Amino acid sequence: MNAVELPDQIQPVMQNGIPAIVVTCSADGIPNTTIISQVYYVDKTHIALSFQFFNKTIRNVRENPQACVALNDLEGNTKWILDVEYDHSETEGPIFDEMDMQIEAIASATGMSGIFKLRAADIYRVKSSKKVSLAPASPRE
Amino acid sequence: MIPGKILAFLEDEGTVAVSGTRDANLIPAIHYVSGWDVEPNKRTIRCSIPQAFADLISSLENNRQFSLTIEQIGSHETYQFKGDYVGSARPNEADMAAHERVKARFAKVVNQVFGLPQEMCRAYISRPSLVIRFTVREIFLQTPGPGAGHRLVPPEEE
Amino acid sequence: MATQDIPSNEGLVEKLAQKTAEVHVLRHLALNINSTLDLDQIYDIVLGTMDEFFGFRHSLILLLGDSDRLRVVASHGYEDQPLGGTVTVGTGVIGTVAKRRRLMRVNNLRAQRAYFSTIRRQMEEAGRTSELGEIVPVPGLPDAESQIAIPLMIKDRLIGVFSVEGREQKTFSDDDEALATIVANQAASAIQNALLYRSAEERRSELAEAHDRLKELNETLEDRVRDRTRELEQTNRELRETQVQLVQSSKMASLGMLAAGIAHEINTPIGAIHSNADVERRAIGVIRDILHHPAFPEKLRDQPRLNRAFKIFDDINRVTLEATERVIKVIQSLKNFARLDEPELELVDLHEGLDSTLRLINHLTKDRIEVVKHYGELPQVHCYASQINQAFVNLLTNAAQAIKETGTITITTRQDGAQAVIEVADTGAGIKPEHLDRIFDPGFTTKGVSVGLGLGLSITYRIIENHHGSIDVRSELGKGTTLTLRLPIAPPA
């Protein structure tokens, strides 16, 4: 499937500091819902997630590359839902370096150097993106 | 089945929740949750889903797999509940009351932690249009840290 | 179609205007910071421009020090002045940028810090505190939400970090990042130039100071060498004098012992001769009395030959007595020379001593040497009379012996403060300059071994030294010699 281009307005949403949601599914069909601190913008058709600890999300996408990512945009109370597919992992290069640098910067400032080690930058290809505006509040609210 | 400590968390502390399903092709989907309540059997959880994310019945009826993750904003205390879909319903008064409780709790905490006005924060928790009921099969600790991913229920074998 | 084009054209025009303004500001900035070599001015221009034109309200410039620490050298927009604050390379956003030498743009610092802090708390609760490091505060906003940190590089060398940060949720855009990069690059060059200039100025100043010091040293070198040479010469002279005196004293000590021995050996026979002479005088007196007895025939008493014989006896006896007395006195002087603790310190009229000495050496001066006396007002002097007279004998004898044919000996006395000064000047041959240092040495003589032992002046030197006085000599070959004695009038305290 060809990658879909991300809209321009999604990049600042990725950097707004609000945790994102990632849902993956194991090969035996069990969904896993996790809240992550940051999704990284790679380019118009790719995003990246940091692989620091070998967790269920990492295991799942290596069994089943499909994933769903939700980003929260407080402006206008919208969510961005991205269907993505795990493409490959990078252990060097500009994306890895940028992610690694950020992790190192924050970890060192919080006395956590050495505890956080970026093992890889998992690169995902964007299959679709959807902006979801939540219904306005009822009069009671 | 759900331990008391986690019941208390669900009742009083959790402030934001999301859920996940997958379709017949193992393609995952995200569904925001705007309220939850534990049924008296202490195994079944009722999740209130806003209209925008209510397109999940077909997936649930296909494979019955549902995962719910609830976090307390601020402390980052987080639990994931994986289970089997039991059924769906329209939100009743108790569900709406649970929704209101979550909305208030969310607004208060976000106001405290991020300084955003409570009225604005309340708007982020949308009114539910559907309730999904599922029976908890496993509970995982998802709080960031050394125990993240650790299964609490049933306890992991040593 | 046309309707759709207008909004995009307006947007382009606006963007173009914005870019033009930015270029203008950047050009102006470049001109300003490159027109000065003052670091503080450069900092002010850079940080002020960032705020005024680009809205970067909180900014820092840090420079890399000797070790792995960056120090805040300029700040803008902070309530608590972070100037002087430090960041260890590798710590926080700024430290990591310095370590990696890469730009970093972060837009959700609070959330990330909170996330990491949660994990830290979890680890603490799980008892894994030992794995955690110290949280080191870094200069800047403690609640910064977004930050751009740019390494300041000169070629491959890191000289510092430029940081801008903000509290707002609003992110730094790609344009912001590009602008900050351009400004940072310009700032790096300007700062480097200013640092080099400052270093060169400091070096120049050090060199100028060193040059001035050297010049001063050179100018005074000659004087210092001269002064030092003088000091050394003086020291050398004093050392030589001390050496001479030490040798002198040593010789004097030996001589004292020698004199004591000689005096002892001579004293007995001289004593016998003197005693016999005295007996002879009395015996002649008895004979004279017998001759003048009325019973002695008058014809025999008035015999001219008998009278001549008696006169001869008298003269010889008198001379014998005087000579032996003189010898006894010399012996006594020798004994006094050998014994320093003579008890006869008394008030002495020096003029009397000089006169009696002149009488004693009359035979040396008679009919050929005129003695001229210029006696000043002299009080009586506390001294050992016999020793001083001995000194006078030596001086006057030398003076007489120095005059070969005819000449003059001039004796001058005066009071000079607490001292009595006695000058004995002769018009003799003079002393060779090379001998002047040795005339007080025991045994040194220019008169030939048959004339004397060469002890006279050395004894005189010792006598004067014992009196805490001084003796010095001036001489000119062919003209004469003057010896000057100085004696304290009162005894030393």
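This report describes the cores, a sheet, a helix and a chain contact in a predicted model.

**Chain C overall**

Chain C holds 12 helices and 13 strands. Of its 493 residues, 28% are buried. Among the contacts in chain C with a separation of 6 or more, 69% join residues 24 or more positions apart.

**Nonpolar cores**

The largest nonpolar core contains 124 residues. Those with the most contacts inside this core are Ile47(A) and Val69(A), together with Val46(C), Ile94(C), Val161(C) and Ala187(C). Helix H5 of chain C, residues 174–291, supplies the largest share of this core, 9 residues. Another core, of 33 residues, lies apart from it, and its members include Ile369(C), Val424(C), Leu457(C) and Leu485(C).

With residues up to four places away in sequence left out, Val161(C) touches Leu62(C), Leu70(C), Ile94(C), Val97(C), Ala98(C), Ala149(C), Ile150(C), Pro151(C) and Leu152(C).

**The six-stranded sheet of chain C**

An open sheet in chain C is formed by 6 strands, in the order E3-E2-E1-E6-E5-E4, with antiparallel pairing. Strand E3 (86–88) and strand E4 (104–106) of chain C are at the edges; each has a single partner strand, so one side of each is left without a neighbour in the sheet. From one strand to the next, the twist averages 25°.

E4(C) and strand E5 (residues 146–154) of chain C run antiparallel and are joined by 3 bridges. Met104(C) has Ala149(C) as its bridge partner in E5(C). Helix H3 of chain C, residues 92–100, packs on the sheet and touches strand E1 (58–64), strand E2 (69–76), E3, E4, E5 and strand E6 (157–166) of chain C. The direction of H3 makes about 30° with that of E5(C).

**Helix H8 of chain C**

Helix H8 covers residues 350–360 of chain C, and its buried residues are Leu350(C), Gly353(C), Leu354(C) and Thr357(C). Viewed down the axis of H8(C), the buried residues fall within an arc of 100°, so they line one face of the helix. An α-helix has 3.6 residues a turn, so residues three or four places apart point the same way. On the other side of H8(C), the exposed residues are Glu352(C), Ser356(C) and Arg359(C).

The buried residues of H8(C) pack against these elements of chain C:

| Element of chain C | Residues |
|---|---|
| Strand E7 | 345–348 |
| Strand E9 | 381–384 |
| Helix H10 | 385–402 |
| Strand E10 | 407–416 |
| Strand E11 | 419–426 |

**Contact between chains A and B**

In chain B, 31 residues are in contact with 27 residues of chain A. On the chain B side, the elements that give two or more residues are strand E1 (16–22), strand E2 (28–33), strand E5 (65–71) and strand E6 (78–89). The residues on that side divide into 13 nonpolar, 13 polar and 5 charged.

Ser19(B) is found in strand E1 of chain B. This serine is buried, as 27 other C-beta atoms lie within 10 Å. Not counting residues up to four places away in sequence, Ser19(B) touches Thr33(A) in chain A, and in chain B His31(B), Val33(B), Cys47(B), Phe66(B), Ser67(B) and Leu68(B). Ser19(B) and Phe81(B) stand 62 residues apart in sequence, and their C-alpha atoms are 9.2 Å apart in space.

Terms used. Residues numbered from 1 in each chain as written. Chains lettered and ligands numbered in written order. Predicted model: local features only at pLDDT ≥ 70, side-chain atom pairs only at ≥ 80, totals over all residues. Core = buried A, V, L, I, M, F, W, Y, C linked by C-beta atoms within 7 Å. Buried ≥ 20, exposed ≤ 12 C-beta atoms within 10 Å, placed from the backbone. Helix = DSSP H or I, 4+ residues; strand = E, 2+ residues; numbered from the N terminus. Contact = placed C-beta atoms within 7 Å. Nonpolar A, V, L, I, M, F, W, Y, C, P; charged D, E, K, R; others polar. Pairing = 2+ DSSP bridges. Axes fitted to C-alpha atoms, helices over the stretch in contact; angles between N-to-C directions. Arc of directions from axis to C-beta.
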